[in-house]
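Please look through the structure below with its backbone and its packing in mind. The paragraphs after it go from the one to the other.

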Amino acid sequence: MSHTAHIRSHRKPRRSASTIAMRAGVAGGVLSTLAVAGAAGSASAAEPVTQTLELPTLTADLSAQVAQSADATQQAAANYELRAERDAALSKAAKQAKSDLADAKKKAEAKKRAEAARKAAAERAASRSAERATLSASTTSGGGASTSTSASASTSAGASTSTSTATGSAASVIAFVKAQVGDAYVSGGTGPNSWDCSGLVQAAFKQVGVSLPRVSQDQSTAGTQVSLSNLQPGDILYWGGAGSAYHVGVYVGDGMFVGAQNPSTGVVERPLSYDPPTGAVRVL
């Protein structure tokens, strides 16, 4: 045995490999933690700089978008207002056109009615002229002796029957028709200042409560047929056939009658010889 075996060695014991590895790991972990913390600190320090640079850019973009949106809204409002004004103008023009068309139609219809009335009056006047020519020819011919005799007889009868003998309703009828002498003749006229032949006769008898038909054809058959040699004041005279008469008047006595003759003469008082009637009816 060595003489130094009992002396404790003063050399440091060797460290095992596991202890060394553990210490190295702890040191590495600490260094890693420090490195991460340093990196995080660096990032935290740099972040305010990054935000300061980006905020102005975001604000400018947002302002531009707001401005564009406002412009678009204003343009849309202007377009809507323009469209509304255009629609209102079109509607007004359409209403005006419709009104003008209605006025034109009314004028055209009025003109058409006036032309029809003028034509009817002309045809009636021509018909009367033809009837008068026929009566005149009959009077001058042998076949017209009876007509001539009747007209002469009616004139004589009228001369012997004066208006002064008319009383009651007949006197009222005669007074009415005489009061209208000088009024205008208008086809279809029923007064108070313009008449056609049947309109005057109808109005005269209405004064005494007698209701007559409106047209001469019907008035020529409204009462009792009487001969022209037996006329009395207030009898209705007619020209043409009974039921197809084209003209009527009122016998007022003394061989005279009153009637709305035509547009050129108006309402007149004439002797029977001026226009000899065809027949007569009595309604009073």
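In which loop does Pro-192 lie? Pro-192 is in the loop between strand 1 (184–185) and strand 2; helices (H or I, at least four residues) and strands (E, at least two) are DSSP runs numbered from the N terminus. This is a predicted model, in which local features need pLDDT of at least 70 and side-chain atom pairs count only at pLDDT 80 or more, while totals for chains, interfaces and linings use all residues. Residues are numbered from 1 along each chain as its sequence is written, and side-chain values use heavy atoms, with hydrogens and water left out.

The peptide bond between Gly-191 and Pro-192 is cis, with omega at about 5°. Another backbone feature is found at Asp-254, which is not a glycine but has a positive phi of about 60°. Asp-254 belongs to the loop between strand 5 and strand 6. Its relative accessibility of 40% makes Asp-254 partly exposed (buried means under 20% relative accessible area, exposed over 50%, partly exposed in between, with a 1.4 Å probe and protein chains only). Most residues other than glycine have a negative phi, and most peptide bonds are trans.

The structure holds 2 aromatic pairs. Rings of Phe, Tyr and Trp (its six-membered ring) pair if their centres lie within 6.5 Å; planes under 30 degrees apart count as stacked, over 60 as edge-to-face and the rest as tilted. Phe-176 and Trp-195 are edge-to-face, because their ring planes stand at 85°, with the centres 6.0 Å apart. This pair links helix 3 (residues 168–179), which holds Phe-176, to strand 2 (residues 194–195), which holds Trp-195, across 19 residues. Phe-176 is buried at 16% relative accessible area, and Trp-195 is buried at 3%. Trp-239 and Phe-257 form a tilted pair, 5.4 Å centre to centre and with 55° between the planes. Trp-239 is in strand 4 (residues 236–239) and Phe-257 in strand 6 (residues 256–262), so the pair ties together parts 18 residues apart in sequence.

Phe-176 and Trp-195 return in the largest nonpolar core, which has 25 residues; they are among the members that touch the most others, as is Ile-236. Such a core is a set of buried Ala, Val, Leu, Ile, Met, Phe, Trp, Tyr and Cys residues joined through side-chain atoms within 4.5 Å. Helix 4 gives the largest share of this core, 6 residues. Beyond its neighbours within four places in sequence, Ile-236 has contacts (heavy atoms within 4.5 Å) that include Val-201, Phe-205 and Val-248. A second, separate core of 10 residues includes Leu-231 and Tyr-251.
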